[in-house]
Protein chains: 2
Amino acid sequence: MTDAAPRARRSDATRAAILRAARERFAADGYDRATIRAIAADANIDPSMVMRYYGNKEGLFAAAAEFDLRLPELAGVPTGRLGEVLVRHFLDRWEGDETLAALLRAASTNPGAAERMRAIFADQLGAAVARFGTDPATTARRAGLVASQILGLAFTRYIVGLPPMVDAEPAELVAWVAPTLQRYLTGPVPGTP
Amino acid sequence: MTDAAPRARRSDATRAAILRAARERFAADGYDRATIRAIAADANIDPSMVMRYYGNKEGLFAAAAEFDLRLPELAGVPTGRLGEVLVRHFLDRWEGDETLAALLRAASTNPGAAERMRAIFADQLGAAVARFGTDPATTARRAGLVASQILGLAFTRYIVGLPPMVDAEPAELVAWVAPTLQRYLTGPVPGTP
DNA sequence: ACTGTATGCCAACAAGCGTTGACATCGACA
DNA sequence: TGTCGATGTCAACGCTTGTTGGCATACAGT
C-alpha cells in the first residue's frame with residue numbers, strides 16, 4: 001500500500017507540455033542556452049510553474065532526460081547479424097525521439113548529463129551486450145567501443161551536421177557501420193594471435 | 001609589400017596568455033560556461049583587454065579554435081597500415097593539445113564551433129583521404145565515416161568519460177579501432193557484391 | 001624633454017538568467 | 001454554500017553576463 005491511487009490530476013497536461021517543450025529546447029540549444037523562460041513560453045505557461053513542478057533547472061533536465069534505449073533482446077538475434085540489428089535500432093531510436101539528442105548536446109557541458117549518459121551506455125548497453133554471452137572480461141570494453149561508434153555517428157550526423165553523414169541514407173549507414181559493431185561485439189581481441 | 005614588418009609588440013605576451021587561458025577554459029567548460037571574466041582572471045589581465053584584442057567572445061573563440069590536424073602525408077604510408085597510422089596520430093594530437101577538446105565541447109551548442117568542426121573534418125581530413133587515390137565518388141563518405149569513429153572515440157573518452165574508454169591504453173584503442181578506419185578507407189563499398 | 005600612441009585598469013551599463021513569494025482563480029468536497 | 005487545496009499569473013529579487021568608455025601609466029620617436 002505504498003502508493004496512493006495515482007488519480008489523474010488536472011495538472012498532468014501542463015506537466016507533459018513542459019516536458020515536451022523542455023526536450024525540444026534542450027535538444028536544440030543544449031543545457032545552458034535552453035532557458036526556463038523559453039521552455040515555459042513554448043509550453044504556454046508561466047516560468048514559475050516549471051519551478052513548482054520540477055524544483056529547479058537541474059530537476060527539469062533530469063526529468064526530460066529520462067531515457068530507455070529499448071534495446072532489443074540480443075540473445076534472440078542470429079549472432080552474425082548483431083551489428084546490423086544494433087545500428088538500425090539506434091538510428092530508429094534517434095530519429096524518433098529527441099531525448100537522446102538533448103542528452104548528447106547537454107553532456108558536453110553539464111556534468112549531470114554526462115553522468116546520465118555514462119549510466120545509460122554502461123548499464124543498458126553493457127547489460128545487453130553481456131546477455132548474449134561473450135567473455136565477461138571483455139564485455140565492458142566491447143560495449144564501450146560500440147558506444148564510441150554509435151555516439152560518433154550521432155554526433156557527426158545530428159549535432160555537427162557533417163555533410164556526408166547527414167546526406168547518407170539510413171540503409172547506407174547501416175551497411176557501412178554494421179560490420180564495425182559486429183567486430184567490436186564478436187570479433188577476436190586484437191593482439192592475441 | 002602587403003605586410004608591414006611584423007615587429008614584436010609588447011602586447012604579444014598578453015595576447016598569447018589570453019589565448020592559452022581561453023583554450024583551457026573552452027576545453028574544460030564549453031562555450032557558454034567559459035566566461036570572459038574567468039578567462040581574463042586566468043590570464044591575469046582585465047576583461048576589457050580581451051575585448052580590445054579579440055573584439056568579442058565569438059572572435060576570441062574563433063582565434064582559440066584555430067586548428068590544424070597536422071595529418072601526415074598518407075600517400076607515403078603502406079596502404080594496409082592507414083588505419084593504424086590515423087588512430088595513433090589522432091590520439092597523440094588529442095592528448096597533446098586541448099584545442100580539439102575545446103572545439104568538441106563547444107560544437108554541441110555553438111553554431112560557429114560546429115561550422116569550424118565541419119570545415120576541419122571536411123577539408124583537412126577529406127583532402128588527406130582524397131590524396132591517396134580512392135574512387136573520388138566515395139572519398140567524402142569514407143572521410144565522414146572515419147570522422148564519425150574518431151570523434152566518437154574522443155567524445156566517449158574525453159567528454160563523457162565512459163569508463164572502459166577512459167581506462168583503455170592508447171595501444172589497445174589503436175588495435176581495436178585501426179581495422180575500422182582501414183575498412184572505411186580502403187574496404188569495398190558495402191552492398192556491391 | 002616632449003608628445004603621441006600603445007597598453008592596462010576601473011567602474012558602470014543594459015540585458016538576461018534562475019528563482020521566489022504574494023496574490024488571483026478554479027474545482028472538489030462537506 | 002462555504003472551505004480548502006490545487007493550479008495559475010504577476011512582479012520582483014539578486015546575480016552574472018558581455019560589453020563599453022573614461023582615465024591612468026609606460027614607452028618610443030623626435
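The accessible surface of chain A in this predicted model comes to about 8900 Å², of which carbon and sulfur atoms contribute 52%; areas were computed by the Shrake-Rupley method with a 1.4 Å probe, and for residues only the protein chains shown count as cover. Of the 193 residues of chain A, 50% count as buried, that is, under 20% relative accessible area with a 1.4 Å probe and protein chains only. Local features require pLDDT of at least 70 and side-chain atom pairs pLDDT 80 or more, whereas totals for chains, interfaces and linings use all residues. Residues are numbered from 1 along each chain as its sequence is written, chains are lettered from A and ligands numbered from 1 in the order in which they are written, and side-chain values use heavy atoms, with hydrogens and water left out.

Chain A contains 10 helices and zero strands, where helices are DSSP runs of H or I with at least four residues and strands are runs of E with at least two, numbered from the N terminus. Its C-alpha atoms fill a box of roughly 65 × 50 × 25 Å along the principal axes. Among contacts (heavy atoms within 4.5 Å) in chain A with a separation of 6 or more, 68% are between residues 24 or more positions apart.

Chain A can be laid on chain B with an RMSD of 0.1 Å by a turn of 180° and a shift of 0.0 Å along the axis, the superposition being by least squares on the C-alpha atoms of residues with pLDDT of at least 70 in both copies. The two copies are therefore related as by a two-fold rotation axis. In chain A, the C-alpha of G152(A) is nearest this axis, at 1.7 Å. The same surface serves both copies, since 100% of the contact residues of chain A recur in chain B.

Around DNA strand C there are 18 residues, of which T35(A), R37(A), K57(A), T14(B) and R52(B) come nearest; a residue is near the strand if one of its heavy atoms lies within 4 Å of it. A backbone N or O atom of K57(A) lies 2.9 Å from a phosphate oxygen of DNA strand C, and a side-chain N or O atom of Y53(B) lies 3.0 Å from a phosphate oxygen. By contrast, a polar side-chain atom of S48(B) lies 3.1 Å from a base nitrogen.

Definitions and conventions: Polar contact = N/O pair within 3.5 Å; in protein donor to acceptor, adjacent residues only side chain to side chain.
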